[in-house]
Amino acid sequence: MKGVIIAVAASVFAALSCDQYEDGKPSDNVLTRFDKMYPNAYDIEWEIEGVYWEVSFETGSYPNVKEHTAWFRADGTWVRTETDLLISAVPEEIKQYLQASEYASALLQDTEIDYVQTPDGNYYQFELVYNGTSIKVNVTPDGNISL
C-alpha cells in the first residue's frame with residue numbers, strides 16, 4: 001500500500017511540474033529562448049495565439065508568486081511578457097504619474113495591472129474607466145503616458 005501511495009504522489013507531482021502543450025510543442029528555438037529568459041519558471045502552459053507561441057507560467061514562491069504570460073515568434077524571437085501585479089505593488093512614482101495626468105479622475109477596472117516588458121521598453125498598463133469608456137493606459141518608468 002505504501003508503494004502505491006508513493007507512486008500516485010510521484011505521478012501527481014510529475015504532472016504538475018511538467019510543461020503542458022495545448023496546441024503542440026513549440027520549436028526548440030522557442031523553448032531554448034524561454035528557458036534562458038525564465039530558468040525558474042514553473043506551472044508552464046503553451047498554446048498558439050495567432051502567429052505567436054503564448055506561454056503562461058509562474059515564478060517565485062509563496063507568498064511572492066508572480067503570474068506571467070509571454071509571447072514568442074516561431075523562430076524563438078521574444079515579443080513581450082506581461083506580469084500580473086496588484087496595484088499595491090506598483091511603484092508610487094508610477095501611480096503619481098497617472099494621478100498627474102488627464103486620467104486622474106478615471107476609475108480602476110481591476111485591482112491588478114500588467115507590467116509589460118518588450119524589446120523596445122517596459123511599461124505599466126492600467127485598465128481604467130474614463131468618461132464612461134474602458135481604456136488601457138500605459139505608463140513608462142520615466143512618466144510617459146499613452147493609450
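Contact here means heavy atoms within 4.5 Å. Residues are numbered from 1 along each chain as its sequence is written. In this predicted model, local features need pLDDT of at least 70, side-chain atom pairs count only at pLDDT 80 or more, totals for chains, interfaces and linings use all residues, and side-chain values use heavy atoms, with hydrogens and water left out.The chain has three helices and ten strands. Both kinds of element are DSSP runs, numbered from the N terminus: helices are H or I runs of at least four residues, and strands are E runs of at least two. Along the sequence the elements follow the pattern α-β-α-β-β-β-β-α-β-β-β-β-β. Of the 147 residues, 32% count as buried. Buried means under 20% relative accessible area, exposed means over 50%, and partly exposed lies in between (1.4 Å probe, protein chains only).

Nonpolar side chains come next. In soluble globular proteins, such side chains tend to be buried together. A nonpolar core is a set of buried Ala, Val, Leu, Ile, Met, Phe, Trp, Tyr and Cys residues joined through side-chain atoms within 4.5 Å. The largest core has 14 residues. Those with the most contacts inside it are Leu-98, Tyr-103, Tyr-124, Phe-126, Leu-128 and Val-137. Two or more residues of this core come from each of α3 (92-99), β7 (112-118), β8 and β9. A second, separate core has 13 residues, including Val-55, Phe-57, Ala-70 and Trp-78.

With neighbours within four places in sequence set aside, Leu-98 is in contact with Tyr-103, Ala-104, Phe-126, Leu-128, Val-137, Val-139 and Ile-145. Leu-128 is found in strand β8. Leu-128 counts as buried because its relative accessibility is 2%. Beyond four places in sequence, the residues touched by Leu-128 include Leu-98, Tyr-103, Ala-106, Leu-107, Leu-108 and Val-137. Leu-108 lies 20 residues from Leu-128 along the chain, yet their C-alpha atoms are separated by 4.6 Å.

Another pair is further apart in sequence. Gly-143 is found in the loop between β9 and β10 (145-146). At 22% relative accessibility, Gly-143 counts as partly exposed.

Charged side chains were examined next. Side chains of opposite charge can pair when their charged atoms come close. A salt bridge is a side-chain nitrogen of Lys or Arg within 4 Å of a carboxyl oxygen of Asp or Glu. The count comes to two salt bridges. One joins Arg-80 and Glu-82, at 2.6 Å from N to O. Arg-80 counts as partly exposed, at 22% relative accessibility, whereas Glu-82 counts as buried, at 15%. The side chains of Lys-95 and Glu-92 also meet in a salt bridge, at 3.2 Å from N to O. Both residues lie in helix α3, three residues apart, about one turn of the helix.

Most residues other than glycine have a negative phi, and most peptide bonds are trans. Asp-43, in strand β2 (residues 42-49), has a positive phi of about 50 degrees. Asp-43 is partly exposed, at 30% relative accessibility. Phi of Asn-131 is positive too, near 50 degrees. Asn-131 is found in the loop between β8 (121-130) and β9 (133-139), and counts as exposed at 68% relative accessibility. A cis peptide bond joins Tyr-62 and Pro-63, with omega about 5 degrees. Pro-63 is placed in the loop between β3 (52-59) and β4 (66-72).

Pro-63 is also one of the residues that line the largest pocket. On a 1 Å grid over the protein atoms alone, a pocket is an open set of points where a 1.4 Å probe fits, with protein on both sides within 12 Å along at least five of seven lines; lining residues have an atom within 4 Å of a point. About 210 Å³ of space lies in this pocket. Its volume is the space filled by probe spheres set on the points, which are joined across faces, edges and corners. Other lining residues include Asn-64, Lys-66, Asp-84, Leu-85 and Glu-112. β4 and β5 (78-86) each supply at least two lining residues. β5 gives the most, with three. The lining divides into five nonpolar, one polar and four charged residues. Here Ala, Val, Leu, Ile, Met, Phe, Trp, Tyr, Cys and Pro count as nonpolar, Asp, Glu, Lys and Arg as charged, and the others, Gly among them, as polar.
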